[in-house]
Amino acid sequence: MENKIEFVDFELLSRCWLLNGLAREALTSILGSGSRRRMDAKEIVFNRGDTGTEIYFLLSGGVKVSTLSREGKEIIFDVLVAGDFFGDMSLFDDKPRTGTVTTLVPSAFLVLGKTKFLDLLEKFPAVSLRLIKTLTSRLRLMDTFLEDVLFLDAEARLAKRVVALSRIFGQEGKNGEIKIDLKMSQQEMANLVGIARESVNKHFKGWEKSGVIGLDKGCLILQQPQLLESLVKQLS
């Protein structure tokens, strides 16, 4: 049974973009150097302000990265899925975690300590280069988010985020519809987009009435994905 678990973890780890292309021996060594963790949905991986001494490779599932305003309002920075990693910033500047990470669905991780991770970067320059590219991509995404907040209205920002989620969590149906296989409350969606929950509710009802979206057991269904993508282009 243990060998089977190790094989599954190896296959999942090899799909992580940061480690993609490493030899089997290297990935096996990384698996042996880290620890595996499995968590249920809605569990906190770590909190903003915690001491950070580990990096997390997401083997399966999904998490949200968020923080709270002074008034206690949640702001969601990002949603990460299998193949992503997080927790790296604190390993370089020795400062506390900048966000709280919470599982959205049952998730599995490989957790690697600071020393082991820094050794990995020294031994494999290609991994260091991919890390720099990932950090650059995150900065670009933050720039785009700020531009959206400044220049797009609530409906355009919501549509853009729903389309983005459909590309990550989407499952195509027989008639071309796309089911976003992720249960998020309207409040969580609002926190992700940076708008009021009432605004999410208003636009969802309008789209549902127009036949653009539907709901199935708490999951969003894009009944006419092309219309929503067209709406994003039109409103942007």
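The crossing of helices α5 and α6 is right-handed; a crossing counts as right-handed if the near helix is turned clockwise from the far one by less than a right angle, and as left-handed if anticlockwise. This is a predicted model, in which local features need pLDDT of at least 70 and side-chain atom pairs count only at pLDDT 80 or more, while totals for chains, interfaces and linings use all residues. Residues are numbered from 1 along each chain as its sequence is written, and side-chain values use heavy atoms, without hydrogens and water.

Two packed helices are described by the angle between their axes and the distance between the axes. For α5 (residues 125-151) and α6 (residues 154-169) the angle is about 145° and the axes are 9 Å apart. Axes are lines fitted to C-alpha atoms, for helices over the stretch in contact, with angles from 0 to 180 degrees between N-to-C directions. Helices (H or I, at least four residues) and strands (E, at least two) are DSSP runs numbered from the N terminus. From α5, Thr-144, Phe-145, Asp-148 and Val-149 meet Arg-157, Lys-160 and Arg-161 of α6, contact meaning heavy atoms within 4.5 Å. By class, this contact has 2 nonpolar, 1 polar and 4 charged residues; Ala, Val, Leu, Ile, Met, Phe, Trp, Tyr, Cys and Pro count as nonpolar, Asp, Glu, Lys and Arg as charged, and the others, Gly among them, as polar.

Helix α2 (residues 24-33) has Ala-26, Leu-27, Ile-30 and Leu-31 as its buried residues. They lie on the same side of α2, because they cover an arc of only 140° around the axis. The arc is that of the directions from the helix axis to the C-beta atoms. Buried means under 20% relative accessible area, exposed over 50%, and partly exposed in between (1.4 Å probe, protein chains only). Glu-25 and Gly-32 are exposed on the face of α2 turned away from its buried side.

In helix α4 (residues 114-123) the residues Phe-117, Leu-120 and Leu-121 are buried. Seen down the axis, the buried residues of α4 fall within an arc of 95°, so they line one face of the helix. Their packing partners are α2, β3 (54-60), α3 (89-93), β8 and α5. Thr-115, Glu-122 and Lys-123 are exposed on the other side of α4.

Strand β8 (residues 107-113) includes Ser-107. Not counting residues up to four places away in sequence, Ser-107 touches Arg-37, Arg-38, Met-39, Leu-58, Ser-60, Gly-61 and Gly-62. Val-63 is 44 residues from Ser-107 in sequence, with 7.9 Å between their C-alpha atoms. Phe-10, in helix α1 (residues 2-14), is in contact with Arg-24, Leu-27, Thr-28 and Leu-31, leaving aside neighbours within four places in sequence.

Relative accessibility of single residues is tabulated here.

| Residue | Relative accessible area | Class |
|---|---|---|
| Cys-16 | 3% | buried |
| Cys-219 | 3% | buried |
| Ser-107 | 3% | buried |
| Phe-10 | 8% | buried |
| Lys-42 | 47% | partly exposed |
| Asp-94 | 56% | exposed |

The count of disulfides is 0, a disulfide being a pair of cysteine sulfur atoms within 2.5 Å.

Most residues other than glycine have a negative phi. Lys-42, which is not a glycine, has a positive phi of about 70°; Lys-42 sits in the loop between β1 (35-39) and β2 (44-46). Asp-94, also not a glycine, has a positive phi of about 55° and is found in the loop between α3 and β7 (100-103).
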